[in-house]
Amino acid sequence: MLGLGAAGVAAAPYLQRGLENFLGAAADKDPTGLTGLLPNGGGFRYYSVASSVPRRTARTYRLTVDGLVRKPATYTLADLRAMPQTRIVRDVQCVTGWRVPDTPFEGVKLSQLLDAAGVRPEARAIRFTCFDGTYSESLTLTQARRDDVLVALRMQDEPVSHSHGGPVRLYVAPMYFYKSAKWLSGITVTSSVRPGYWEERGYDVDAWVGRSNGRTDTPTV
């Protein structure tokens with residue numbers, strides 16, 4: 001029994017990753033969204049508002065920074081990996097109620113990319129677009145410059161998988177997880193907030209955990 005218990009402990013991480021990969025792949029091809037209701041030992045649920053999402057590799061991935069900036073730029077995955085990396089460990093809280101505690105994210109501070117681009121004085125907000133062709137999100141410029149907002153390349157101490165929005169996703173630590181746009185491809189600096197996909201459908205634009213969307217969850221900060 002001790003041997004079986006030890007084997008179970010050793011195999012658990014591999015089984016969990018296998019289950020997560022299976023559910024992620026299934027969700028990619030599930031227009032009903034029902035796969036999001038299946039139990040998952042990792043705690044995460046897989047949501048996509050597009051019927052399918054193309055894959056991007058280290059060779060094909062590009063992230064653009066444009067809009068009200070002096071120096072628009074396009075970054076490859078190698079470019080982003082070469083920049084200083086910041087690691088944050090926080091709970092992930094979904095507005096639907098589930099929470100995954102102590103989840104590590106690592107990547108480039110969004111403020112670093114904004115500083116490199118040279119934000120113009122009339123700028124007030126950021127619009128994020130994604131290579132699924134559908135999803136979008138928003139932050140005010142003040143929110144975007146927080147130290148706990150990342151252009152994330154790693155999640156749970158591994159490269160961000162396609163199922164989790166990789167190879168690059170947004171991570172907004174103190175807000176509900178719908179603000180952390182998956183499959184990030186565009187960062188556009190704007191003169192005003194343009195509501196994102198779910199915000200156009202009734203979700204709060206300022207999605208602070210425990211202070212928005214009528215919920216009272218414990219804040220993640």
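The structure is a predicted model, so local features need pLDDT of at least 70 and side-chain atom pairs count only at pLDDT 80 or more, while totals for chains, interfaces and linings use all residues. Residues are numbered from 1 along each chain as its sequence is written, and side-chain values use heavy atoms, with hydrogens and water left out.

The protein chain has 4 helices and 10 strands, taken as DSSP runs numbered from the N terminus (helices are H or I, at least four residues; strands are E, at least two). Along the sequence they come in the order α-β-β-α-β-β-α-β-β-α-β-β-β-β. The chain holds 221 residues, and 47% of them count as buried, that is, under 20% relative accessible area, with exposed meaning over 50% and partly exposed in between (1.4 Å probe, protein chains only). Carbon and sulfur atoms own 55% of the accessible surface, which totals about 10800 Å²; such areas come from the Shrake-Rupley method with a 1.4 Å probe, and for residues only the protein chains shown count as cover.

Now for the inside. In soluble globular proteins, nonpolar side chains tend to be buried together. A nonpolar core is a set of buried Ala, Val, Leu, Ile, Met, Phe, Trp, Tyr and Cys residues joined through side-chain atoms within 4.5 Å. The largest one has 43 residues, and Leu-63, Leu-184 and Ile-187 have the most contacts inside it. Several elements supply at least two residues each, including β1 (63-67), β7 (149-155) and β10 (184-190), but α3 gives the most, with 4 residues. Leaving aside residues up to four places away in sequence, Leu-63 touches a list of residues that includes Leu-80, Leu-113, Val-151, Leu-184 and Ile-187. There is also a second, separate core of 14 residues, with Cys-94, Ala-152, Ala-173 and Phe-177 among them.

Strands β5 and β6 pair in the antiparallel sense over 5 bridges, where pairing takes at least two bridges found by DSSP. Strand β6 (residues 136-140) is mostly covered, as 4 of its 5 residues are buried.

Last, a loop residue: His-164 lies between β8 (158-159) and β9. His-164 counts as buried because its relative accessible area is 9%. Trp-183 is 19 residues from His-164 in sequence, and their C-alpha atoms are 8.3 Å apart in space.

How values were computed: Contact = heavy atoms within 4.5 Å.
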